[in-house]
Amino acid sequence: MKRMVIRQLIEKIEGEAELDYTFSEGRIEDVKINFGFYRGIEEILEGKDPKDALVITPRVCGICNHAHLIAAVRAIEDGYENAGVKIGLTQKAKNIREFTLACELLQNHIKWFYMTLLPNLEKYLKIVSEENHAMKATYFSTTITKALAIFSGQWPHSSYAIPGGVTCDPTQLDVMQAQSLLEECVRFFEQVVTACSLEKYLAIDSVSQLHKIEGDFGRLLHLLGSNGMAEMGQSYDRFIVFSDSFLSKAGKSIVTSVSKVDTRYVHESAQKGSVAKAVSYKNRLYETGPLARGMVSKEPIVKSLHKRYKDSLMTRVFARVHEVALLLEESRKLLKEIRVDEPSCTLEAELKLYEFEGTGTVEAARGSLIHKTTVNNGVIVKYDIITPTQWNLSHGNEKEKGIAVKAMVGSQSIEEADFIFRTFDVCSVCTAQ
Amino acid sequence: MEQQYKPKLLWLQSITCNGNTHSFLNHPELFSILSHFELVHHPVLESSFCMQELIDGILPCDILIIEGAFMEKGYLKSGVEVSSIIEHYADNAKHIISAGTCATFGGIFKQKDPEAISGFCFDEEEKTRRYAKYASKLISLPGCPIHPKWLSYVLLMIANDRKISLDALHRPVELYGYTVHTGCTRNEYFEWKIDAKNFGLKEGCLFYEQGCQGPYTRGSCNKILWNDMSSKTRIGTPCFGCTEPTFPQTELFHTKTNMGIPATMPLGIPRRAYLTLTGVVKSFKIKRFSERLMEYDR
Ligand code: SF4
Ligand code: SF4
């Protein structure tokens, strides 16, 4: 049996990765994913004031910094609760946090769709396109992050969520401005991404109605379908979600059954030859991210696609773009409900606790993000960050190959595997922290 | 008008979170700015050459943008030291822009290994061994992350062949001549020494209790707003001094004080003068400042 290993540098993801593809008889038999550089945010936090994590952890990642802020603030709030301090967030603070988080997911998904997926699919299929995909991506993401910045002051790297609420105190004018910016993004989704109204799009609940989607998303689905790619890239069909959000409740999904999860059973382990740690849940590997959220929440259209194509790249890609519609719709509600006369923050600024342990989870663009903080004598003694990409992009363990690795195995070319790899919305920055 | 020659732009990353890349992608006029240049290589945008060519070969480069902190040895891409790749292009470039606090002073990632990690030409405020070699073409744009409009200012000045005035740390004076305090909507409260009673309020200044470093941090965050919309201090988050060589300090949501007086004075203000002023100002009781700015009827 002829075996050969080819090393390839993958770029234009978040950061870079080096992949060693092992070919056997013309097919990929194994892939080793190597990530660059360990930056050590967890160590940097040791000895610091617990609230400093709100400033430092967003610097784990330029594209999902806000998710880190929310995970960090939830970890502190959970710790406070464990230490006996009741946290009663106002509805206003909750809605503002949910909205800004939705904005971050939106910019991520649209950038991925236009800057990673479409150009690489065209390259793979040798289609020459005159379109400036990046311009569409940045138009949308600039607009939605403006709405985010109304509440958070800036994006990236804001630290506006604090224990007990948020630092901002928006006026009606601010909320209305955010609404207009959001509507601008809805318009973009309707006219450019799907060429159908948001309402009509959201009514689509089965594979047989997918033809109703036109626009760039319709084109992508058509390209995948007509080039025999719809069933490529299947993995273990196991999914996990750790945080409750409107997108999904926490839970795990294996075959058709959904059951509860607990972060206590999450296990991190070092990997040979990589600075990224692998994660498992009760010794098994799970996929996390939009497809996992769609499966755990039993989103009808995602389930329908899954029934037909399993956890293939088609279903995975669809689930991510589909979230754009869900996020836009939910954001409308969140903004509409904000009552500016409610308090923004219910805890006193100087409240300082000396001993606590807390866990914060959040659904970030690429899946569940977990922060754990342990505080002794008023300073952080241990901080753990488990990022979504650690679930999807590990090599796996002795028993099983990693989620993305499994999806690439069987591919006949590096180009094919490369494209499958990118459907996971790869972020080396987060993976290696 | 179509330009004859477009300066060749190369964006390289060292130890980074990609935040500067994503910040610049948020520039509303991104593509009109980029139209003045040929993008030789960029971490996410389509560009003329791929990463492997960049590592293997000698690409043309007029303007080098560096994102991320610097380590002499041990940070490799495709088996090659990133420091040597960057120095190689820095030798050939006409302009070097250190984009963000990491590339400029070392930033957050420096704290992982303060001995080995620094900025490209500065290690906090100290000059690195590279300084002498590259100083003549260096422009520092600290900020964590970089402000997109600060970068576009520098790029367009270069594209138009105009001289950029710099201060001692090579920061453009037009951008860093201000402090973050300039233009903050809470200035009235600062003047009358009225602190924000808590987080989550429009009223009050964050300098006295909540850790705001705006009065001694150089940067135009409150003049050239973030995302064209706002700034940290406008929405009630203290300025963390992210443009400064000392970033990040500790206890960022808390003002360090000496006998109740903020330990660091506003830029250029002698402590004694500040104390005198505070005494006078605090004797006023101004009703307007003890109330909410606006009341909504329920
Ligand atoms: S909050 Fe900060 S920037 Fe704003 S007025 Fe007070 S000290 Fe100045
Ligand atoms: S306000 Fe301060 S912390 Fe925020 S971006 Fe500006 S300089 Fe950095």
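Mentor: We begin with a definition: a residue is near a molecule if one of its heavy atoms lies within 4 Å of it. Please note that this is a predicted model.

Trainee: Which residues surround ligand 1?

Mentor: The shell comes from chain B and consists of His181, Cys184, Arg186, Asn187, Phe190, Cys205, Leu206, Phe207, Cys212, Pro215 and Thr233 of chain B. By class, 7 of the shell residues are nonpolar, 3 are polar and 1 is charged.

Trainee: Which annotation covers residues 176-250 of chain B?

Mentor: An unreviewed UniProt entry annotates this span as the domain "Cytochrome-c3 hydrogenase C-terminal". In the model, residues 176-250 of chain B are 8% helix and 0% strand, and the end C-alpha atoms of the span are 23 Å apart.

Trainee: How is the size of an interface expressed?

Mentor: It is often given as the accessible area lost when the parts come together. Between chain B and chain A, about 5,400 Å² is buried, and carbon and sulfur atoms give 60% of that area. The contact involves 67 residues of chain B and 69 residues of chain A.

Trainee: How many salt bridges and polar contacts are there between chain B and chain A?

Mentor: There are 4 salt bridges between the two chains. One of them joins B:Glu251 to A:Lys352, with the closest N and O atoms 3.5 Å apart. Polar contacts link 27 residue pairs across chain B and chain A.

Trainee: Which element of chain B gives the most to the side that touches chain A?

Mentor: The elements giving two or more residues to that side are α1 (19-25), α2 (30-34) and α3 (51-56) of chain B. Of these, α1(B) gives the most, with 4 residues. The side of chain B that touches chain A comprises 31 nonpolar, 26 polar and 10 charged residues.

Notes
Residues are numbered from 1 along each chain as its sequence is written. Chains are lettered from A and ligands numbered from 1 in the order in which they are written. This is a predicted model: local features need pLDDT of at least 70, side-chain atom pairs count only at pLDDT 80 or more; totals for chains, interfaces and linings use all residues. Side-chain values use heavy atoms; hydrogens and water are left out. UniProt positions are given in the numbering used here, feature names are shortened, and annotations may be inferred rather than shown by experiment. Ala, Val, Leu, Ile, Met, Phe, Trp, Tyr, Cys and Pro count as nonpolar, Asp, Glu, Lys and Arg as charged, and the others, Gly among them, as polar. Contact means heavy atoms within 4.5 Å. Buried area is the accessible area (1.4 Å probe) that two parts lose on being put together, summed over both. A salt bridge is a side-chain nitrogen of Lys or Arg within 4 Å of a carboxyl oxygen of Asp or Glu. A polar contact is a pair of N or O atoms within 3.5 Å; within protein, one must be able to donate a hydrogen and the other to accept it, and residues adjacent in sequence count only if both atoms are side-chain atoms.
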